[in-house]
Amino acid sequence: MTTPAAPKLRDAVSALPAYVPGRPAVAPDGRPAYKLSSNENPYPPLASVQEVLREAVGSVNRYPDMSAAALVREIAAFHAVPVECVATGTGSVGVLQQVVQATCGPGDEVVFAWRSFEAYPIVVQISGASAVPVPLAADEGHDLDAMLAAVTPRTRLVLLCTPNNPTGTTIATNALARFLAAVPSDVLVVVDEAYTEFVRDADAADGVAAFREHANVAVLRTFSKAYGLAGLRVGYALAAPPVAAALRATAVPFGVSGLAQAAAIASLAARDELLERVEALVAERERVTAALRRQGWTLPDSSANFVWLRLGDRSAEFAAACDAVGVSVRPYGADGVRVTIGEREANDLFVQVAEAWLSR
C-alpha cells in the first residue's frame, strides 16, 4: 500500500530555534521549591484586581471587545498620547510578532543585539526575514555603533531591548539619541521596555520620550512583569498612527481576552499600590547583587527583575546545582545564567548556592 504524502510545511518552520521556557522548580526531599527561571512577579494580583477578575469571569461565554477600546483609552490617558497611537496584543511578545509581520518579509533584515530576548530570532524567521544579531559589548549592553554599522538598505526593523533580557543592562539616553539620529527614517526602531518599571538608573533612556520625538520609533510595554499578569497575556505598543494601525491589522482577532483587559485596566488604576511591590523587588535585586559581589562574582548592574551571571560553558552545571536545592534558574547555552528576583527565601537560597559554587 502506498503511503500518502505528508502535508508540505515551510522549511523555515523546521529550522526555527526553540523558545525555551523557564523550567518549574522541583522540591528535593519535600523541601520548598522556587521558580526563578521565568522573570515572573512573585506576588499575586492585588485584591482589587482579583475582585475585578471574579466579576469578569461571568462573561467569558462572550467574545471580548476586539479593539480593547476601554483598555486603549486608559493606556492612552496614562501616557498622554492619542488613542490612535496605541495597539494591544497578547503580551509584548505578541505585539512584537505583529510588528515583524507588519514590517518584514522575505529579503528584509532585522537587526538586534545578541544575546537578547530569545523570541527575537524566532519571530523574525517566521516572517521569512533575515535576523542580523550583533554581539553585546563587553559591559553586557547593546553595542549601538556596531548595530548601526549592521543597518543596510535591506534593514526594515531594529530591536532594542532595554533593560536587556537576559543581562539587565540599559541603553543610555544620549546613546539612544545618537543612534536614532543616525538610523534611516524609513527603518522602524522598536524599544522593548518590558522591564521599565524596575529601572532606577537616571541615565537610562526613556523609550516613550524617544517615541514622542521620532516617527520611526515604537515602544513595547507589558502587564506581565511589574503588574503581575503574566498568565493573562496582555501588552501594548505606542507607535505613530500608521504603524499602530498596521499592528492592529496584524493582531490575532480577539487575542486579548476580556479577563486580561479588565485586569489590566484595574492594574493601571492600582498602579501606586503595585509600584510598592516593585520597590520591594528592586530592593531585593540590590541586596542580592551586593551579596554576590561580596562573594567575588562579577556581574553587570541590572535594571530589571533578574541578575545575570556570565558563566560560559559552566552555565548548565551551575543551573543543575541550583536545581539540586529546589531553585530553578535559566541557563542560556554556553553564555550564562539568568536568575529572577523572587521571594526573599528563594533569593537567599540562590545566594547560598552561588557562594558554595565559588568556594568549591
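Predicted model: local features only at pLDDT ≥ 70, side-chain atom pairs only at ≥ 80, totals over all residues.
**Stop 1: the whole chain**

Start with everything shown as a cartoon. You can pick out 13 helices and twelve strands in the protein chain. The radius of gyration is 21 Å, close to the 21 Å that the globule rule gives for 360 residues, so the chain is as compact as a globular protein of that length. Turn the view around and you'll see a C-alpha trace that spans about 70 × 55 × 50 Å along its principal axes.

**Stop 2**

**Stop 3: where the domains meet**

How many residues of domain 1 are in contact with domain 2? There are 27, and they touch 31 residues of domain 2. The size of an interface is often given as the accessible area lost when the parts come together. Here, the area buried between domain 1 and domain 2 is about 2,500 Å², with carbon and sulfur atoms giving 53% of it. Select Pro 45, Arg 271 and Ser 303 next: these supply 29% of the area that domain 1 buries against domain 2, more than any other three residues.

Polar contacts show up here too, with 16 residue pairs between domain 1 and domain 2. Which elements give two or more residues to the side of domain 1 that touches domain 2? Look for α11 (271–295), β9 (306–309) and β11 (330–332). Of these, α11 gives the most, with eight residues. Colour that side of domain 1 by class and you get 13 nonpolar, six polar and eight charged residues.

**Stop 4: salt bridges**

Side chains of opposite charge can pair when their charged atoms come close. The count of salt bridges comes to 16, and four salt bridges are found across the interface of domain 1 and domain 2.

For one example, show the side chains of Arg 115 and Asp 335, which form a salt bridge with their closest N and O atoms 2.7 Å apart. This pair links distant parts of the chain, 220 residues apart: Arg 115 sits in the loop between β3 (109–114) and α5 (119–127), and Asp 335 in the loop between β11 and β12 (336–340).

Then hop over to Glu 140 and Arg 310, whose side chains also meet in a salt bridge (2.7 Å, N to O).

**Stop 5**

Most residues other than glycine have a negative phi, and most peptide bonds are trans. Stay on Glu 140 for a moment: although not a glycine, this residue has a positive phi of about 75 degrees. You'll find Glu 140 in the loop between β4 (130–135) and α6 (144–150).

Go back to Arg 115 and check its backbone. The peptide bond from Trp 114 to Arg 115 is cis, with omega near 20 degrees.

Finish at Thr 162 and Pro 163, which are joined by a cis peptide bond with omega about -5 degrees. Pro 163 lies in the loop between β5 (155–161) and α7 (173–182).

Key: Residues numbered from 1 in each chain as written. Heavy atoms only, no water. Contact = heavy atoms within 4.5 Å. Buried area = accessible area lost by both parts, 1.4 Å probe. Polar contact = N/O pair within 3.5 Å; in protein donor to acceptor, adjacent residues only side chain to side chain. Helix = DSSP H or I, 4+ residues; strand = E, 2+ residues; numbered from the N terminus. Nonpolar A, V, L, I, M, F, W, Y, C, P; charged D, E, K, R; others polar. Rg over C-alpha atoms; globule rule 2.2 N^0.38 Å.
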